[in-house]
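Please look over the sequence and the fold below. The paragraphs that follow lead through the strands, the helices and the core.

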Amino acid sequence: MDLGLGLPISDPTRLLDWAARAEAARFDCLALLDRLTFDNPEPLVALATLAGATTGIRLQTEVLLGPLRSTALLAKQAATVDRMSGGRLVLGVGVGGRADDHAAAGTPMHRRGRILDDQLVALRAIWAGQPYRGAPIGPRPATPGGPPILVGGFAPAALRRAARHGDGFVCAAPLAWAGPLVREVGEQWAAAAGRAGRPRLVCQVNVAVGGSDTITRARRATADYYAFTGRPGWGEPLHDPAEIVDTVAAYADFGADELVLYCYADDPAQVDTLAELLR
């Protein structure tokens with residue numbers, strides 16, 4: 001199972017240090033989440049910057065909210081990052097469930113699923129060199145056919161979307177809830193979509209390692225980020241080293257192809273601590 005590192009969002013200026021440490025520690029990917037009406041870096045811009053500071057680690061959006069963006073511009077931006085990084089981009093996408101993001105972007109909430117479905121078809125066509133609304137859009141990605149696409153979500157429509165349009169599924173649900181979601185995607189992949197093989201399964205867990213100050217900052221950051229749920233303690237990071245090790249092993253047993261460890265406190269020493277813990 002691959003291990004990725006979900007980057008903290010509180011201070012973009014520290015991400016170059018995080019990226020260099022993560023690559024040196026042999027993590028498999030750098031991942032960034034996406035919001036619009038929140039104090040976080042725009043993921044494609046940030047990953048483009050990190051591409052220049054690294055040489056081999058994958059760069060992953062997890063997940064980028066496609067309906068907030070123009071389809072043509074998204075295709076161009078993603079192809080540019082993929083081309084300039086030597087084919088290291090993985091485009092994780094989803095619809096987003098927070099009304100304030102869609103209001104700020106002018107996206108109708110009730111149409112966001114249909115918009116993303118249309119975008120996923122259009123992205124593949126644009127990256128293959130087909131004209132979009134009568135005109136070609138470059139550059140061509142370094143990856144033949146374009147960057148791999150992961151689709152995230154929980155609703156039945158999102159699971160169908162992952163099976164029909166994605167190369168893989170981002171399962172952000174806790175492990176106790178993940179089984180039915182993963183099974184549904186797999187069944188849709190084989191039956192409704194008629195595809196061979198199986199989707200890549202990418203899972204997520206929030207973590208914080210280090211001193212009490214680091215853990216306190218991480219708890220505050222997750223509480224702020226997940227406040228919209230109205231559930232105190234939702235998304236609180238794992239911080240006990242033994243529990244983190246056991247959780248990683250549990251995801252490997254579950255069959256995850258990749259587990260991304262999201263760090264909400266911005267102390268870059270966490271990279272080295274996690275790497276040592278999980279060797």
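Asp2 stands opposite Glu258 in S8. Strand S1 (residues 2-6) and strand S8 (residues 258-263) are paired in parallel over 5 bridges; strands are DSSP E runs of at least two residues and helices are H or I runs of at least four, numbered from the N terminus, and two strands pair if DSSP finds at least two bridges between them. The model is predicted, with local features needing pLDDT of at least 70 and side-chain atom pairs pLDDT 80 or more, while totals for chains, interfaces and linings use all residues. Residues are numbered from 1 along each chain as its sequence is written, and side-chain values use heavy atoms, without hydrogens and water.

The 8 strands form a closed barrel in the order S1-S2-S3-S4-S5-S6-S7-S8, with parallel pairing. From one strand to the next, the twist averages 25°.

On the helical side, H6 (residues 156-165) packs on H7 (residues 175-190) at an angle of about 45°, with the axes 8 Å apart; axes are lines fitted to C-alpha atoms, for helices over the stretch in contact, and angles run from 0 to 180 degrees between N-to-C directions.

The largest nonpolar core has 81 residues, of which Phe27, Trp127 and Leu274 touch the most other members. Such a core joins buried Ala, Val, Leu, Ile, Met, Phe, Trp, Tyr and Cys residues through side-chain atoms within 4.5 Å, buried being under 20% relative accessible area (1.4 Å probe, protein chains only). Helix H5 (residues 112-127) gives the most to this core, 6 residues.

Terms used
Buried < 20%, exposed > 50% of the residue type's maximum accessible area, 1.4 Å probe, protein only.
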